[in-house]
Amino acid sequence: MVSALPFDVIADPSTELQRLFDQDSSDSFPARVADHFSSIFADPIVFDKIPPVDLNNPPESFKDRALIRFRAMVQDTSASPEMYLAEAGGHKYGGWGVVYDAPDEIDYDNLRECSVFWAVSIPGESDWIHEGQAQPISSAQAPSQPHKYPHPNIAHVGIQLKIYNPSVAETLKSTDTATFVGLITSEPRDLDTHASDAVPTLHVLFHRPHPITILPYTFPLPSPRESISGLRRELIEWIAREALADDIDAAEWVLLCCLARVQSRTPPILPPSLTLSRFPSPPTPSLCTPVLCAVITHLFPAVTLLPLSLGTINDSCFMPESREEDLHSGWLQLPRGSICLVTESGVTEGDINEKGVLNLRATQEIMTHQVLDYVFPYSSFKFETDIAWIVLSEGHKSAFFQTHISIPLKMTNEISDTGVKERLFKPKDEITLPPQDKLEMFRSLVGGAKIGLVGVSEDAAEFIQEDFVEERRTSNIASTSASKPHSKITADDLIRRMTMAKLLALSLHETEVTVDIWNRMKELDARRTSRLD
Amino acid sequence: MSSPPRLDFPSSDNDVDMSNGTQEQQTMPDAPPRDPLFLAGTPSTSAGTPARLRGQAPATSSPLRGITARRAVGLDTPKRTPLFDPGSSSPIAFPSSSPAKTPSRRVNFTSDPPEAHTDSEPLHFPSSPGTITTPKNRRGDIHSSLVFTPRAARRTPRASDALGSDGAHLDIPASSAPVLSAAAAPTDEPDEQRAIWGTMVNLNETMTLFHEFLSGFKPKYRLAHHRAEGRPTRALLDPEEGEILVYETYMRRMRQTGETNLNLDIVNLLAYPPSKKLYQYVIKYPQELIPAMDTVLKEFMLEIAERDREEGIDGMDGAAGYEEIGEIMSKVYKVRPFGLNPINMRELNPSDTEKLVCIKGLVIRATPVIPDMKVAFFRCLTCNHTVQVEIERGKIEEPSRCPRDVCATVGTMSLVHNRCDFADRQVIRVQETPDAVPDGQTPHTVSLSVYDELVDVAKPGDRMIVTGIFRSLPVRVNPRQRTMKSLFKTYLDVVHVRLGTDGHLGFDRTTRSSSDRVGGVGDGEEDRDKENGTLRAELEEKLRNLSQKPDVYELLARSLAPSIWEMDDVKKGILLQLFGGTNKSISRGGGGGGPRYRGDINVLLVGDPGTSKSQILQYVHKIAPRGVYTSGKGSSAVGLTAYVTRDPDSKQLVLESGALVLSDGGVCCIDEFDKMSDATRSVLHEVMEQQTVSVAKAGIITTLNARTSILAAANPVGSKYDVDMPITRNIDLPPTLISRFDLLYLVLDQVDESLDRKLAQHLVGLYLEDTPTNEGRDILPVKELSAYIDFARSRIHPVITENAGEELVRSYVEMRNMGDDPRAGEKRITATTRQLESMIRLSEGHARMRFSDYVELEDVREAVRLMREAIKTSAMDPRTGKIDMGLLNTGTGQGQLRLREDMRKELMNILNGAEGLRGVKWTDAVKRLAEQSSIRVDQAEFQEVIKGLENEGIVKVVGERDRRTIRRIEG
């Protein structure tokens, strides 16, 4: 049964707000507003009826105080909270962007606080998440405050959020993603410094946080083990065929690294970063985007391409930086669960300036520690990130970054060099997509794996320990007897293998690392190291 | 009451401000919309409270009327309904038109019958400003300048009969009422209305209470208060200490020093039973209470002065006494309350509006001092009539015509600059400190307005605790419209500032000149334990207890970096670095004082990758005072020192400090020291010994202080430490720089089966579950450790005892003698004066760590032990196993020198043959040397030898790379 209420509310949200205020004007009003509107739109179908703000429907296209929804990443939470009068004259609600005549005298007891955030459309969001919408047209209108979006020169929507529910405001952090529902207006930014410029402002009624996969998935999949294993093989083969010139091993490593996420901070169990070395340079400078990016984008919800060049390194911002008390975004301000693909082919000879050095350092810092410094005057604040990294490098290792894992791309087929290049850099509309239902299955496989939990079985743990001690002993003997210093197995190697074994288990939708998976992992790793020599 | 007569003879009394009649008129216009805080050049009156209050009360000559007038203006309390003290029965019916009853605070002023003022105007003419002797009690922070004239003048004659009893004080309003009614001034209101507008708080009563507090508070009340709260208290030295009249002592000191600010710990108000409610009042109604307190303070100052004069106390007898009293009369006294628990900036909420709040934060920006014209002085060019105009909405409204009816010429009023009143004002942006920001949140910022003495106290980069009044200003959508979006902006009017915050370490106090201290009596260092230091006393007690623990050294070292295993000596060394030695300077000598000897200890960690060096640095950065963390890879010389930039506000060139300058008085942690460029590193030479940074840029040539300890971490050259090579070959750092580090530690990775097993177990254990936990151990939390170090650094300045001195000498000689080996005929350098200095600093650090005022034998022993351990690992010549500081100081050890000499001799033997003239192939020479030698011939060593020979002109190298040949030069 569909009630008319949601449609009435969409048509005229202000009246509903006033009606609610008439019932309850106490301190808990903001919380009530959130509950009430949230329950009206609890049904996903009804929820989808709320007009979305995106590139096709920029905020300017809505009439003032229209009800809209906005899927966004919180970019900046540093603006000082504002005070508003909770009750305007004549028992009218205050806040939510209402305008009224200034009362002769202000009742300071009625002051409430609202938090002011800045939100932008999710950086690197894949097209397939938009519910069957056409390709976003490039909007003619430049977004307001372009410096607050991580990617310079990419069309996006940026909206100021005003959140009246204090308990919600406390929980939202920078780079959190959520869909915000509220009334759109236009208001000046930051009362102290930017008094003049009005920006689109969303007065939030309620919001829905997203998981790191943006869309919900399940783990483990209910399908039998064999079918998952088969699906996984098909997926790897598809990635290898379309994006990696049939290099199955490389495709598997890419997939595993894309599935990784931060599992624990203390002790650190962080996603391993991957260098895909010996990756050829593009055949023509115009086609500089490897097709791998498009392929991953078809599978994962948020993928960002960071094309390194002297220009991007030296002149663009990687770290968010607070200038004039306004937090400017940087390339690396990405939502949790993002995948970042770095290409080095655009870098030419030249100087890297101080800013460039800092930028590269920040990138390295995320790869190794998954923290990003936001630069504030006299202090910097570390923010936790959760980004999976794939670096494409022409050389035998990345020129700029030290990654956890490095695997050289190996062309199995005897194709000519240019042929390989053309395969790796073909335009994205030349990708042979699997049937839609297969693609959906791929997505639920990787989506589930991205949120899954996995442990280590007891006998596997025992096995792994013994394995490590034994290996270290033999390698030590080898290194002392041989004149040439032999690479020693270190704790880092153990950590890397453990991490990869867990990812392998996740990709198979297994809930435990078993001895079998451990051995499979070691084989995979051995094949990789043999390629390195 | 003595006030009524004064109405009649205004000119005879100092207290009367003659010119105010006119001002009154000027300030009459309707309430101004409030100014935006950052409006360019907006002087302070902006700050949001009705500026018109200022100086308007003096229209009435009676001090009581000062209050009534003030009330008439409408006080700034955010209350609507006036609730008068029901207990106070007024003999006079309130005039129904009384503005005090009008609930609106803004409109009421216009509704105030202006006749009163016009009536009084003739009295004030001719307004000659020269007669003003009593400064108006103008405070920028509290915009209402309650111009209470000191009541003391009235009081003193009464002192004998009224006995200062409360009852007598309470009588005042009643007795004054008839007089007032006799005066029949229409605006006069009975004194009973001196309640704080809209509350039950009787202003008169609170003033009496405050007076009683000032005269009666003793430390014992504070102690009792603590006991009641169940907090541990400090034992008094003797019972008399608890009986001191604290504030009387302060007053006398203020009189003697000419200080006008009294810092008032409001916890004392709470502790003193009669004034208990003042505590709540001052938090709730600072706007009213603080000016009232100012008045009481002045009264009390006069009272004490009067008493002292009568008693003929030294310096107060006879004419000097009167002079002193006159001095006090002319001064403006300010009470600066503090002592609230600081809250987080993000906890400020609307209910705090107009209340006294206390926050802590980091100064990120401060405007230059803004001269804030408070009163403009105009003179009529025709008749020389003068008028003073109060600032209004940041503007001075020039009178369009001469206000004198006789003259009334239009456009003749001209500003006389040097007769205008100015005050200092500054707007400061304060950001939350990193420790106060919840994880994953960005810091918030708040604007502060500081005035008068507090201007320029805090500099960007300082941490501070401020007490102030929280203000909210409505923001209009359009300044010319009356519609608003119900938005308010907020800021703080600061009444008290304290630099450095308790949670974290402040700056090293010896590095700041005393002029940086916030003025005022009542919270000085020396008094801290005595009356406001309850928390401090408690903390101190705790810290002292801690310092008595026999294993405090181990405990502190363990707490430094709890997650890192082993490495005890490294932790101890760094711990002593945090405590630091004492800074010494030679006060006499050329150029106004000799050099300053650094007490800062520098530590360098070198080791294999993955040995948690960076982690240690991160820990230290969190604990250290003014700790700055930078990575050598990412920092440039400019980033470390200073750069010149244009200030966004003033558009002037300013020098912005880099990491080293920012960490002045603290610890600068530099990671990846080896990856630093040479240019950058060269800066450190100056910093580490001279402790200054010289800047010559954009026409600015200056030397900045960088009195910082440096904790650096470096990786060995080949990323893995080669134990067969001396340390200088392992670290790619100039020996001159290495020698500037007091301690140098090698952190190496070793293979051991049982350790490996443990490690594997540990690691696998971590991966067993998805969210692992840490086990707890006996360690101090960072905050406590920080407090401990801060306390030691600021309070303990150990002096070396004779015993310790002898031990230092002995150890030094011994260390130097370590190089003496009777079997070898060579002399190695094992210790230089640098090492002696390091030893002294380390022993001082160790004594500080024990909270000991003297450096004793055990301190020296531990310092020597640490030095030796460090030297043992770093200055050991890997070939001979002997310690040789020459390795660190010049880069070449004695053994190495001998080796080179041998090699040179052999090489010459080879070259001396006939083939020497033809030239010997480089590789052949190496091979032949290797055949003769029992140890491997080191390519680098060989190269050094050749280079030496080449320089001496004995040989010549021809060709490149593998084809090089060495040829002897004849002659």
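A helix axis here is a line fitted to C-alpha atoms over the stretch in contact, and angles between N-to-C directions run from 0 to 180 degrees. The model is predicted.

Apply that to helix α14 (residues 491–507) and helix α15 (residues 515–532) of chain A. Their axes come within 9 Å and cross at roughly 115 degrees. The crossing of α14(A) and α15(A) is right-handed. From α14(A), the contact draws on residues including A:Leu494, A:Met498, A:Ala501 and A:Leu504. From α15(A), those taking part include A:Ile517, A:Trp518, A:Met521 and A:Asp525. By class, the contact residues of α14(A) and α15(A) are nine nonpolar and six charged, with no polar ones.

Now turn to the sheet. Five strands of chain A form an open sheet in the order β11-β14-β17-β10-β18, with parallel pairing. At the edges lie β11 (303–307) and β18 (405–408), each pairing on one side only. On average, neighbouring strands of this sheet are turned by 20 degrees against each other, direction ignored. Four bridges link β10(A) (residues 274–277) to β18(A) in parallel. There, A:Thr275 stands opposite A:Ser406 of β18(A).

Strands β15(A) (residues 371–376) and β16(A) (residues 379–384) run antiparallel. Six bridges join them, and A:Leu372 has A:Phe383 as its bridge partner. Two residues lie between the strands, and A:Tyr378 takes a positive phi near 65 degrees.

In a regular strand, side chains alternate between the two faces of the sheet. Strand β16(A) has a covered face of A:Ser379, A:Phe381 and A:Phe383. Its uncovered face holds A:Ser380, A:Lys382 and A:Glu384.

Notes: Residues numbered from 1 in each chain as written. Chains lettered and ligands numbered in written order. Predicted model: local features only at pLDDT ≥ 70, side-chain atom pairs only at ≥ 80, totals over all residues. Heavy atoms only, no water. Left-handed = near helix turned anticlockwise from the far one by under 90°. Contact = heavy atoms within 4.5 Å. Nonpolar A, V, L, I, M, F, W, Y, C, P; charged D, E, K, R; others polar. Buried < 20%, exposed > 50% of the residue type's maximum accessible area, 1.4 Å probe, protein only. Pairing = 2+ DSSP bridges.
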